[in-house]
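User: Please take a close look at one strand in this model. I would like to know how it sits among its neighbours, and then how the rest of the chain looks around it.

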Amino acid sequence: MSHILILGGDGYLGWPTAMYFSKRGYDVTVVDNYFRRNACTELDVGMLYPVPSLIQRAKIWNELTGKEIKVVIGDLTDPEIMRSLFKGDFEYSWSINHKFSGIPETVIHYAEQPSAPYSLINYKYANITLQNNLLVTNNLMFALRDFSRDTHVIHVGTMGEYGTPNIDIEEGWLDIEHKGRKDRFLFPRQASSLYHTTKIMDTDLMWFGVRMWDLRITDLMQGPVYGLETDESEISGQRSEVRGRTAGRADSHELRTIFNYDEIFGTILNRFIVQAIVGYPLTVYGKGGQTRGYLNINDTLQCVHKAAETPAKKGQLRIFNQIMETFSANELAEKVQDVGRKLGYQVKIDHLENPRKEAEEHYYNPTYQGLIGLGVKPHYLTDEVLEGMMRVVERFKGNIRRDVIFKGIKWG
Ligand code: USQ
């Protein structure tokens, strides 16, 4: 059984990824320090529903499927904790037999502060973002150098590394001809937040590790993700039935991922869905021409799986653009408005003064064929998908806090 280590296994993507691989027969270990949950508590931003601890979720998963997701609670900015995961001299926070699964064949690295607005609240949050993201990545590079150069790392980067250049965006690399000579370089990167800048720096650290130590790394340049259900999270409905409760009640989401709709940790489409349900005018920033590449959370899982099945070669930094389609903020708002209206919601669209410093009208033409070439089958943003999200969110309407939807953290 292939051992897969998921760094940041409690987060929006980490926990669904853990269940996805566990269901497919991988031996899964997750590590997390509850950074995201603690930040949500500290900043009082709320979540759509309460989520059991990582340890509780691993126990529920085991109860339902008989499968084991091993849990380590620890802070990966501590190099000794990172190194212990490769040496085996650590304590599981939860596991059935507490037996080391061995050096992982694959590491999926999500253990980062993921919010652009968080990184620009003030210098303190900027420093937390820089320290967390860069130390975790650097600790991982050195652990690989010292204990396991064959392990394949899948890192989730961001399309925001490229910014919005006035030329087509390639998948990671650009061939340059200069004064009659040619070479291949990382595609120019110019992020508009400090969070996105740490992802550029991650790419540079990993590219260094590949050049110096022949590491094998896949960097996935992901766009904003939407969605709250995956096949595996829906198993939890069965548990409610087993317990004699009605499936679909508020207790049937125990394996569902962390879902934020606030300005700091919520991404645009997830936010718009919640706003539509609670009658809050959709918060389009500025002119709304900001265009990004989007993907369904189920496609994140497929992409990471395909990347794991076909690892990068030794000494290769392989980069894919992980998006399935592009939309402007206005297009997303109009889609949510249309579907909301069909469901009986009066959805208004607002254009707020943009708290961010970003181009509101720009050229955007990224290439994103690589992952589809590996066999990923995209889920597109259809009316049915939007309706499905609204149907889930409306069950938790009573939990939605209007005061956290927009605070206006200024970037400029
Ligand atoms: N936007 C609005 N209204 C909102 C929220 C966002 O108009 O209420 C606009 C933003 O101004 C931006 C776009 O929507 O132009 C996307 O914003 P977002 O908050 O959905 O995404 P972002 O801050 O860029 O970050 C998110 C994730 C991050 C990931 C990134 C991918 O939080 O972890 O790396 O998406 S990307 O955007 O491609 O860099």
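Analyst: Start with the pairing. In this predicted model, strands β5 and β8 (residues 216-222) run parallel and are joined by seven bridges. Within that pair, Val 153 stands opposite Ile 217 of β8. β5 has another partner, strand β4 (residues 106-109). That pairing is parallel too, over four bridges. Here His 109 is the residue opposite His 155 of β5. Strands of a sheet pair through backbone hydrogen bonds, in either the parallel or the antiparallel sense.

Next, burial. Strand β5 covers residues 152-158, and seven of its seven residues are buried, so the strand is largely enclosed by the rest of the structure. The cut-off for buried is under 20% relative accessible area. In a regular strand, side chains alternate between the two faces of the sheet. Both faces of β5 are covered. One side carries His 152, Ile 154, Val 156 and Thr 158, all buried.

Thr 158 leads on to the ligand. Thr 158 is among the closest residues to the ligand, along with Pro 114, Tyr 195, Thr 283 and Glu 358. The shell around the ligand holds 22 residues. By class, ten are nonpolar, eight polar and four charged. Helices α7 (194-213) and α9 (268-278) and strand β10 (282-285) each give at least two residues to this shell.

A side-chain N or O atom of Glu 358 is 2.5 Å from a ligand oxygen. A polar backbone atom of Gly 160 lies 2.9 Å from an oxygen atom of the ligand. For Arg 292, a polar side-chain atom is 3.3 Å from a ligand oxygen. On its own the ligand exposes 730 Å², and the protein buries 93% of that.

Asn 133 is in helix α6 (residues 123-147). Its relative accessibility is 0%, so Asn 133 counts as buried. The side chain of Asn 133 makes a polar contact of 3.0 Å with the side chain of Thr 198. Gly 375 sits in the loop between α12 (370-373) and α13 (383-395). Gly 375 is partly exposed, at 24% relative accessible area. The C-alpha atoms of Gly 375 and Cys 303 are 8.7 Å apart, though 72 residues separate the two along the chain.

Finally, the whole chain. It has 13 helices and 14 strands. The radius of gyration is 21 Å, close to the 22 Å that the globule rule gives for 412 residues, so the chain is as compact as a globular protein of that length. The C-alpha trace spans about 65 × 60 × 40 Å along its principal axes. Of the 412 residues, 58% are buried.

Notes:
Residues numbered from 1 in each chain as written. Predicted model: local features only at pLDDT ≥ 70, side-chain atom pairs only at ≥ 80, totals over all residues. Heavy atoms only, no water. Near = heavy atom within 4 Å. Polar contact = N/O pair within 3.5 Å; in protein donor to acceptor, adjacent residues only side chain to side chain. Areas by Shrake-Rupley, 256 points an atom, 1.4 Å probe, with all protein chains shown as cover. Nonpolar A, V, L, I, M, F, W, Y, C, P; charged D, E, K, R; others polar. Buried < 20%, exposed > 50% of the residue type's maximum accessible area, 1.4 Å probe, protein only. Pairing = 2+ DSSP bridges. Rg over C-alpha atoms; globule rule 2.2 N^0.38 Å.
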